[in-house]
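Open the model in your viewer and keep the selection panel handy. We will go from one stop to the next, and at each one I will say what to select and what is there.

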Amino acid sequence: MEKNLTQIALFAALIAILGLVPKVDLMSGVPITAQSLGIMLCGTVLGARNGALAVLLFLFVTIAGLPLLSGGRGGFGVLAGPSVGYIIGFPIAAFVTGSIVEFWRVNVGVSAFVGAFIGGFVVLNILGIIGMSVMLDKTLPEAALLALPFAVGDTIKAAIAGMVTQAIARARPEALLSRA
Amino acid sequence: MSDTPAPLPVIKLDRACVTLQGRKVLRDITLTLSEPRIGIIGRNGSGKTTLLRLIAGLIAPTTGQVRVGSLNPAQDRKAMLGQLGILFQNPDHQILFPTVREELGFGLRQMGLSASEADARVLQMLAAEGRSAWADAPCHHLSQGQRHYLCLMAVVLMGPQTLLLDEPLAGLDLPTQARLSRRFACLPQRLITISHDPASVRDCDRVIWLEGGAIRADGAPAPVLTAFEAEMERIGGADADTDLSD
Amino acid sequence: MLTLTSPTRTFAHGLPAGAKLAVLALFTVALFAITAPLAMALCAALVACLALSCGRSFALTLVRSLRALVPFVVVLALWHLWLADPLGGLTIGLRLVTAVSAATLVTMTTPLSDMLTLFQSLLAPLARLGLQPKPLALALALMIRFIPVMLDRFGQLSQGWRARSARRIGWQVVMPATLAALDDAAHVAEALRARGGVA
């Protein structure tokens, strides 16, 4: 019981710091904010339920007024802006990612990559695009165009989530709740 | 380990000051470091870790100059990698990769070696140290002392001429302390050891006492450490330390 | 950690958080119902006046927080100029800025603790479904307590990277950072259990 709670709290903190620290290099020279990677990792490492709860806790505090979203954003403004679909999508993405890793019991790196891709890329972008479509008064295909430039980077992020999860599985097999 | 045939570059600080978050952490540090074994002693909060980071080039001086040989450590980062290595206090805050092989190879690849060249050197060093079995081991499976060793190997592999050691023996059990100390004594590099414990720096050629961000004493170990220990005893005798440093 | 609440106290700081949120919700719904550019401009002006009435530095902070909208505004501008529908673009852009500004106004005039208390009371009915209030409060406190701790550790890992690499910090540091979160969670769970557990 305590372990669930502390993992949720600490991974919520992890998402926060990944938005606060400077961008990291994706691969020689391309910087990314690691926050969305953190959200994928909540799913791949903690599993569906705890991963989603960690993201929800993070959003709870951020919307209440702490500038923890990458770029120093926070408060109710994030729900009123064009990224609202993504914000709402974050916990859902973590849940989908975690579900795939929990139930598709192949090599954890593969499962984590696929989970992160389907949850953190496909599902998240569907919700994000719907959000942008509503907020910017554009059709869905038009909104999808706005999300397109980030597609390659996001796919690479999912691959990184796979690799990190695999490394964690090797280093701390007992800690990987998604495969407990 | 390779020998270092060339003379060690001199480390010069000229009125270097460091101000961090509004606080003056280092004031007017002027030093010329050329001895093979140098110790920097000070209590917690004296600025010694900042001094280490300054010499290593991880931070730049707010005013004043720092030079390692002819290089400016904060700016010539790539050249510095082969010049100066740092061993931080806590291996868990330093080990970045899951396996020993990857952790040891990281610095070499960052210096420009190809993955296969780096790997070859790593395996060569592990064999020379009698630790070939470590190659594919997860870093997590190493004991605390072994992790200190791992970090040392990772830094030495990059072939630096100077090594900065931050509290190298802190928190280790006595056998591990003895082993590591022996290892350090054999290293051909110049060693600059930062510590709050006089025992770690007693065998140095020169000891510098840092207090409140400034140099309090500088010279042979015996007199400096005697004065240091006396002062620490005096401070410890008073019931102070109630101020919040922020 | 600095919150988004404005330090200069305004008339709105004293108003109850729930009331402000309710008004904000209604206002935002109304904004999305409006189509006429003039009506939208009036709403924008209303929010601007509210912001200015809270002080010049307050209004400036609010405007600066709208930074994240700039790329969207630019895209909208280009898009609608291309479609030769500048008025439509202006209306949507105004709606965007007005909605976000109004929401930010509420955040800037409500202390974090008030907002958290409001959220927790809104979630109270869920206690019957298993979401207990005490664990939530504890999880909240732990999260906020550990943000500076983890920032510090990330800084040390970054330092370890920069000591061996001249290049910018790579994604690989996310791995030890994540491991550290797992380890800290285990230690804190142990400490909690030693002090009586969560219940």
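Two residues are in contact here if their C-beta atoms, placed from the backbone, lie within 7 Å. This is a predicted model, in which local features need pLDDT of at least 70 and side-chain atom pairs count only at pLDDT 80 or more, while totals for chains, interfaces and linings use all residues. Residues are numbered from 1 along each chain as its sequence is written, and chains are lettered from A and ligands numbered from 1 in the order in which they are written.

**Stop 1: chain B against chain C**

Select chains B and C. Here 17 residues of chain B are in contact with 16 residues of chain C. On the chain B side, the elements that give two or more residues are α2 (77-81) and α3 (100-110); helices (H or I, at least four residues) and strands (E, at least two) are DSSP runs, numbered from the N terminus. That side of chain B divides into 11 nonpolar, 4 polar and 2 charged residues. In this count Ala, Val, Leu, Ile, Met, Phe, Trp, Tyr, Cys and Pro are nonpolar, Asp, Glu, Lys and Arg are charged, and the others, Gly among them, are polar.

**Stop 2: chain C against chain A**

**Stop 3: the largest nonpolar core**

Leaving aside neighbours within four places in sequence, L57(A) is in contact with I8(A), A9(A), A12(A), A139(C) and M143(C). L57(A) is also among the residues with the most contacts inside the largest nonpolar core, which has 182 residues. Such a core is a set of buried Ala, Val, Leu, Ile, Met, Phe, Trp, Tyr and Cys residues joined through C-beta atoms within 7 Å. A residue is buried if 20 or more other C-beta atoms lie within 10 Å of its own, exposed if 12 or fewer, and partly exposed in between, with C-beta atoms placed from the backbone. Helix α1 (residues 2-20) of chain A gives the largest share of this core, 13 residues.

**Stop 4: chain C alone**

Hide everything but chain C. The C-alpha trace spans about 65 × 50 × 35 Å along its principal axes, and 34% of the 199 residues count as buried.

**Stop 5: the sheet of chain B**

Bring chain B back and show the open sheet of 3 strands, in the order β2-β1-β4 with antiparallel pairing. Strands pair if DSSP finds at least two bridges between them; β1(B) and β4(B) have 5. Within this pair, L13(B) stands opposite V66(B) in β4(B). β2 and β4 (63-68) stand at the edges with a single partner strand each, so one side of each is left without a neighbour in the sheet.

**Stop 6: two backbone details**

Finish with Q21(B), in the loop between β1 (11-20) and β2 (23-33) of chain B. Its phi is near 50°, a positive value in a residue other than glycine. Q21(B) counts as exposed because it has 6 C-beta neighbours inside 10 Å. Then step to D28(B) in strand β2 of chain B, where phi is near 45°, again positive in a residue other than glycine. D28(B) has 15 C-beta neighbours inside 10 Å, so it counts as partly exposed.
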